[in-house]
Amino acid sequence: EMRPVTEEEIHIFDAACGDYQFPLGTPVLAGKRGTSEGVDYIFEVENNGASSTIYVTVAGTPDAKPEFTKVVR
């Protein structure tokens, strides 16, 4: 279920995607699901009038850094 992105999710998105070689845009909607290995996030992102879907995974370990996994344009 997609809903408006929260401040916490914006920080997760930025941590995972901030160093990506191309600007990915601004997350506007988000969804998440827990897995046995952590949490998977899906973000709907707006970038200059175009939208894309960004996938991010956060492992279930205490020091896990959010990881960018896929973009669908």
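R33 and D40 are joined by a salt bridge in which the closest N and O atoms are 3.1 Å apart, where a salt bridge means a side-chain nitrogen of Lys or Arg within 4 Å of a carboxyl oxygen of Asp or Glu. The model is a predicted one, in which local features need pLDDT of at least 70 and side-chain atom pairs count only at pLDDT 80 or more, while totals for chains, interfaces and linings use all residues. Residues are numbered from 1 along each chain as its sequence is written, and side-chain values use heavy atoms, with hydrogens and water left out.

To describe the surroundings of these partners, a residue is called buried under 20% relative accessible area, exposed over 50% and partly exposed in between, with a 1.4 Å probe and protein chains only. R33 has a relative accessible area of 55% and is therefore exposed, whereas D40, with 19%, is buried. How many salt bridges does a search of the whole structure find? The search finds two, and E9 and R3 also meet in such a bridge, at 2.6 Å from N to O. Here E9 is buried, with a relative accessible area of 4%, while R3 is partly exposed at 27%. Side chains of opposite charge can pair when their charged atoms come close.

The aromatic rings form another set of contacts. Rings of Phe, Tyr and Trp (its six-membered ring) are paired if their centres lie within 6.5 Å, and the pair is stacked when the planes are under 30 degrees apart, edge-to-face when they are over 60, and tilted otherwise. By this rule there are four aromatic pairs. In one of them, the rings of F13 and F43 have centres 5.2 Å apart and planes at 70°, so the pair is edge-to-face. Because F13 lies in helix α1 (residues 7–17) and F43 in strand β3 (residues 38–47), this pair ties together parts that are 30 residues apart in sequence; helices (H or I, at least four residues) and strands (E, at least two) are DSSP runs, numbered from the N terminus. Y20 and F22 also make an edge-to-face pair, with 6.3 Å from centre to centre and 65° between the planes. Y20 is partly exposed at 27% relative accessible area, and F22 is partly exposed at 47%.

Of the 13 residues in the largest core, F13, C17, Y41, F43, I54 and V56 touch the most other members. The elements that contribute two or more residues to this core are α1, β3 and β4 (50–59), and the largest share, four residues, comes from α1. F13 has a relative accessible area of 3% and is buried, and F43 is buried at 0%. In soluble globular proteins, nonpolar side chains tend to be buried together.

Some nonpolar residues lie on the surface instead: M2, V28 and L29 form a nonpolar patch there, with about 200 Å² of accessible area together. M2 is placed in the segment before β1 (3–4), and at 32% relative accessibility M2 counts as partly exposed. Patches are made of residues with over 30% relative accessible area and no salt bridge, like charges being joined within 9 Å and nonpolar side chains (Val, Leu, Ile, Met, Phe, Trp, Tyr) within 5 Å.

Notes: Accessible areas come from the Shrake-Rupley method with a 1.4 Å probe; for residues, only the protein chains shown count as cover. A nonpolar core is a set of buried Ala, Val, Leu, Ile, Met, Phe, Trp, Tyr and Cys residues joined through side-chain atoms within 4.5 Å.
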